[in-house]
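Walk through this model with me, from one residue out to the meeting of two chains.

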Amino acid sequence: MNLIKRFFDAQRRHFTADGRLTRWYPFFESMETVFFAPARVTDQAPHPRDSLDVKRYMATVVFTLLPLLFFGMYNVGYQAYRAAGAVPGLVPVCWLGFKVVMPLVVISYVVGFAWEILFAAVRKHEISEGLFVTAMLFPLTLPPTIPWWQAALGISFGVVIGKELFGGTGRNFLNPALTGRAFLFFAYPVQMSGDAVWRASVTSGGAAVDAVTAATPLVVAAGAAGSGGVTESLTQAGYGAQTLFFGLYPASIGASSTFLCLLAGLLLITVGVVSYRIVLGNIVGVLVMGLALNLLAGENSAPYLSLNPCYHLLMGGAAFGMVFMCTDPVTAPDLHLSRWIYGFLIGMLTVLIRVFNPAFMEGIMLAILFMNVFAPLIDFLVLRSRLKKRIPNV
Amino acid sequence: MAHLNIRRGLHLGLGAAPGLEIIDLPVPATLGVLPERVPFMKPRLLAARGDAVRVGTPLVADKRNPDVLLASPAGGRIAAIELGPRRVIREIVIERDAAEEFVEYRRLAADQLAALDSRQLAQRLMAAGLWPLMRQLPFRDYARPADQPRNIIVALDSKEPYQPQPGIYLRGREELFDYGLALLRCFGPQNLLVTLGAHQKLPAEQLNGRITHTIAGKYPAGEPGVTLYHTRQSARDNRAWYIHGQDLLLWAQFFQSGRYPTERVVAAGGNVTRGQRHYRTRLGVPLAHIMAQLEMPANQRCVAGGLFTGYQCLAGSHLGLLETSLILLDEGKREEFLALINPGLNKPTYSRLFASRLFPAGNVAVDCNKHGGDRACIACMHCADVCPVDILPQLVYKAILVEEVEEYLAHGLLDCAECGLCSYVCPSKIELTAILKAAKAAYYPDYNWNGNGEKG
């Protein structure tokens, strides 16, 4: 402790008053406060303050994302070796996954943090910890074969356009991680969608080039034909309910395991970081829309319409989006009732986009961004009815 | 007897329950008057340094209403008049004579009350320097003497930690309290609410039909603004008057004895006492006089009034007319190593991110550290979830910052109980209460007192 303290005390002079790095004080501050909570005291009532700060709030989310990251690494290695024919032991699998995933995470943090420092230095305020969540979420939503420069470009777009231009964490109206992903999705569809990108190659140490084709569950579901329906097509392609639940299939790096998302979601709801209203609303939305489509489905309609709605919760990034993406409190509406509605509509839209829009396989990304934009409107309407009930006092 | 249940609020979890013993303190050598601490008052000095004063001699008049006075709580000589920045009158210190003289007023027997009209009553209280004890919602200035209040709320206790308990200050003074209630009836309120925390176990002879509402809930349940919010029927109820139980006893004592009342029960608590003590002492007691009773570690902050609502004061100061509580808090000006991964067994929090929440009885260590840096609002909704009057502070403060007056009024800004909870829970460390309070005060001059409370 004393060693660390001495280190920071020694470096402080570069960042304060006459130091050469005065402009970059926010960087120093953010590093120091990771180790030492600042010695600031209140100067007015209420005299005590809650022990919770944004740093702990955001760090909790990052901690719960770590199991998904580790699973993602394993899965990337596992899928690569499986495509190559033989799966060796745990260590080489993890090592391959580590080699593929870790650079993306590092890129995401370094580039995202650089932008954040730049804006914080210009604005002369402290670095907000929202970035640490964004920079962790972003690589988990990417295919493992994404070129490094695209990852850097994506996180830049997400942080700068999705957040900083509007004033930084707390003032952005779009989820920055998803904004970055959506940008890549539309700008570089070849590297972001299709069958070829979801599996890294065994020989790839860095960015993979020769990926192995693997249709994702969403592609299989959309393309399903024949009497057996989607469930059978999925099972034939190797995507049984169990596989989908545990997430051991070619997918984006960390978003495939519904099981881990479920655990993380339960934890985050228990500690009150994630709004259970959004998550439950979302699940209900998916199920209601899925059932509605089941009812609509006729003899000749696409089999996707008749899919058991529970599969929508298992496939693709639905669970990941529900737990980590749409629950971002800043871009969600504020009021509790609005959050139910918001979650519900995201769930419905997710299913609609998946089933009726063959160009966009993964519905939840667009559904969340779409509802991000509508969040203030939901709040506005809910608030109006709430204030009507209030006895005026003016 | 009606029962109110206030759902929102905060239980800090300080552990130790307040004790019910009381310690009589010797009479201090100096006593003080703090005009600065009477909200909204614009004081004008009526006396000078060196003047001889009696108990009850007017020292200060309000420039806004020269009839409203503050009086000397001691007989003797004015030893000092301390001015702050911009010549604000901080403190008038009176050195007490051994034999104090009193200004004598006409006494008033209980059976004479009925014949009295409210104007005369108010005039006599103003002249005695006791009128500022009666406060008026929504701004919490002293009551407008010409108003006829629809509601008067007598709050016997508060859930704020370290406040004097009614079981102590009412003991043996039940008849005086009845007399006080009779006084209040002279103002002709439609509703006279006498509120008591549901957790209080007062002996039957103290209750005896005096209480109209028992109130359950966490802090700030029992605060008059919260009580009004949960009992009001229409906008016409918004301008209730309120007075604290102990202050009503002062009024009653003034009329019964014909002299300025001097006795005050003060609660002291905080890190030092682990729990709470009561002291029977004088109005305007020097803080050092109470602190001498406590073993004081270094680096303590001295807070007068309340943990969540009080103000910081210097140890050499005195207790104001409206304050009945002195709290010594660990200043907490130190860096905490790896606070981020500390499970927090004894850390106070509203969130569920610290292990202290596993022990509902609680025994948390409270200090004045902010526990974090300033950030933008992240819409965690903690402030809205604790607000006892259902304001959405995170939206109201944004409306205030962009000066959307109509909007923040519609949100119920004037219902704000100024309890401090929104600032307390905010993980971004935004001074929500201060911002809301300042906006209320700024709106005060524009408030339409002739309106019905529904339209501005």
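Two residues are in contact here if their C-beta atoms, placed from the backbone, lie within 7 Å. The model is predicted. Keep both points in mind for what follows.

Start in chain B. Ser118(B) touches Cys186(B), Phe187(B) and Gly188(B), leaving aside residues up to four places away in sequence. Ser118(B) itself sits in helix H1, residues 118–127 of chain B. Now look along the chain to Asn346(B), 228 residues from Ser118(B). The C-alpha atoms of the two are 52 Å apart.

Next, the interface. How many residues of chain A are in contact with chain B? The number is 45, and they meet 70 residues of chain B. On the chain A side, helix H2 (25–35), strand E1 (36–37) and helix H3 (54–84) each supply at least two residues. H3(A) gives the most, with six residues. By class, this side of chain A has 22 nonpolar, 13 polar and ten charged residues.

Two bridges join E1(A) to strand E21 of chain B, residues 336–337. The two strands run antiparallel. Which residue in E21(B) is the bridge partner of Phe36(A)? That partner is Phe337(B).

How values were computed: Residues are numbered from 1 along each chain as its sequence is written. Chains are lettered from A and ligands numbered from 1 in the order in which they are written. This is a predicted model: local features need pLDDT of at least 70, side-chain atom pairs count only at pLDDT 80 or more; totals for chains, interfaces and linings use all residues. Helices (H or I, at least four residues) and strands (E, at least two) are DSSP runs, numbered from the N terminus. Ala, Val, Leu, Ile, Met, Phe, Trp, Tyr, Cys and Pro count as nonpolar, Asp, Glu, Lys and Arg as charged, and the others, Gly among them, as polar. Two strands pair if DSSP finds at least two bridges between them.
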